[in-house]
Amino acid sequence: QVLNQLALPWDRLFSAVEESSGADVALLVMEPDTLKGLVRIGGEAKHLDAALAFVKQLGAHPIFTRVALQNHQVQQQDPQKPVRFSLVAAWSEAQP
């Protein structure tokens, strides 16, 4: 099982996420679950439209079969009112 996990194309996962994020999105957490074929991502966006654009771009990438926004929350205590969000994506290359 460990050898299978090491053989996964991790660089493609990280590249896909980085390519999709853009300047208005900061990634805070990325938790791959290779047994379930999922990756959970948490981040902060300057505004809701940026977060939604990230979800859409990630969903258009061929290594993901399904991307869903799990939750989002405007950070009211911050004067710039960024949006914290989390999503889950089905990672097609996670399962051997």
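**Close-up 1. Salt bridge between E44 and R84.** E44 and R84 form a salt bridge, with the closest N and O atoms 2.8 Å apart; the term denotes a side-chain nitrogen of Lys or Arg within 4 Å of a carboxyl oxygen of Asp or Glu. Because E44 belongs to strand β2 and R84 to strand β4 (residues 83-91), the pair ties together parts that are 40 residues apart in sequence. Strands (E, at least two residues) and helices (H or I, at least four) are DSSP runs numbered from the N terminus. E44 is partly exposed at 24% relative accessibility, and R84 is partly exposed at 40%. Buried means under 20% relative accessible area, exposed over 50%, and partly exposed in between (1.4 Å probe, protein chains only). The model is predicted: local features need pLDDT of at least 70 and side-chain atom pairs count only at pLDDT 80 or more, whereas totals for chains, interfaces and linings use all residues. Residues are numbered from 1 along each chain as its sequence is written, and side-chain values use heavy atoms, with hydrogens and water left out.

**Close-up 2. Salt bridge between K46 and D24.** The structure holds 2 salt bridges. In the one shown here, the side chains of K46 and D24 meet at 3.7 Å, N to O. The pair links distant parts of the chain, 22 residues apart: K46 is in the loop between β2 (38-45) and α3, and D24 is in the loop between α2 and β1 (25-33). K46 is exposed, at 54% relative accessibility, whereas D24 is partly exposed, with a relative accessible area of 29%.

Close-up 3. F85 is located in strand β4 and is buried, with a relative accessible area of 4%. Not counting residues up to four places away in sequence, F85 touches V25, I41, G42, G43, E44, A45, A51, F54, L69, N71 and H72; contact means heavy atoms within 4.5 Å. The C-alpha atoms of F85 and A51 are separated by 7.3 Å, although these residues are 34 apart along the chain.

**Close-up 4. Crossing of helices α2 and α3.** The axes of α2 (residues 10-21) and α3 (residues 48-60) come within 8 Å and cross at roughly 140°. Across the contact, A16, V17, S20 and S21 in α2 meet F54, Q57 and L58 in α3. These residues divide into 4 nonpolar, 3 polar and no charged.

How values were computed. Axes fitted to C-alpha atoms, helices over the stretch in contact; angles between N-to-C directions. Nonpolar A, V, L, I, M, F, W, Y, C, P; charged D, E, K, R; others polar.
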